[in-house]
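Dear colleague,

Please find the structure for your review below. My findings on it follow directly after.

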Amino acid sequence: MNYWLVKSEPSVWSWDQQVGKGAKGEAWTGVRNYTARQNLVAMKKGDLAFYYHSNEGKEIVGIAEIIKEAYPDPTDKTGKFVCVDIKAHKAFKTPVTLAAIKVDKTLSEMALVKQSRLSVQPVTPEEWKYVCKLGGV
DNA sequence: GCCAACGTTGGC
DNA sequence: GCCAACGTTGGC
């Protein structure tokens, strides 16, 4: 089992919209970055990912589950990029903000802090457990 | 709205 | 293959 973090701007696609899709989930399209692409390809069905809201909120609001592994992104005309399908798995009781992550010694090494522009990032099991606790899950 | 960080493009 | 110019992301 691997852990990930995916980012979305709520104005484009929010957690609430993701929850609204239910068990069917939704294609996570629009990744146009090779590092992020590598991470998408490495995802396995059943892996879990933190759902982070950028720009608005700047906080991890819940957990999504990968329900379909990487396939060509239908929104990419060049055919170079891929997407996966994810569904909402569990909402955080308490969102974990970027500010909280930055000041926390255990989390200040997260890719979210170090590589703030990367939209799909790996999360270590230690970070995962810790953030889940903070989120009240 | 600004700007730092960083990824991508294209000329050489 | 290098690197300058340019574009984009995302926190503030």
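The surface near DNA strand C, in this predicted model, comprises 4 charged residues, 2 polar ones and 2 nonpolar ones. The residues in question are Lys7, Tyr52, Asn55, Lys58, Leu98, Lys102, Ser116 and Arg117. Of the atoms of DNA strand C that lie within 4 Å of the protein, 76% belong to sugar or phosphate, and bases supply the rest.

- Tyr52 places a polar side-chain atom 2.8 Å from a phosphate oxygen.
- Asn55 contributes a backbone N or O atom, which is 3.0 Å from a phosphate oxygen.

Turning to DNA strand B, the residues that surround it are Asn33, Tyr34, Lys114 and Arg117. Sugar and phosphate make up 54% of the atoms of DNA strand B that come within 4 Å of the protein.

In its side chain, an N or O atom is 2.2 Å from a base oxygen of DNA strand B.

As to annotation, an unreviewed UniProt entry lists residues 2–134 as "domain: EVE". In the model, that span is 26% helix and 37% strand, and its end C-alpha atoms lie 20 Å apart.

With kind regards

How values were computed. Residues are numbered from 1 along each chain as its sequence is written. Chains are lettered from A and ligands numbered from 1 in the order in which they are written. This is a predicted model: local features need pLDDT of at least 70, side-chain atom pairs count only at pLDDT 80 or more; totals for chains, interfaces and linings use all residues. Side-chain values use heavy atoms; hydrogens and water are left out. A residue is near a molecule or strand if one of its heavy atoms lies within 4 Å of it. A polar contact is a pair of N or O atoms within 3.5 Å; within protein, one must be able to donate a hydrogen and the other to accept it, and residues adjacent in sequence count only if both atoms are side-chain atoms. Ala, Val, Leu, Ile, Met, Phe, Trp, Tyr, Cys and Pro count as nonpolar, Asp, Glu, Lys and Arg as charged, and the others, Gly among them, as polar. UniProt positions are given in the numbering used here, feature names are shortened, and annotations may be inferred rather than shown by experiment. Helices (H or I, at least four residues) and strands (E, at least two) are DSSP runs, numbered from the N terminus.
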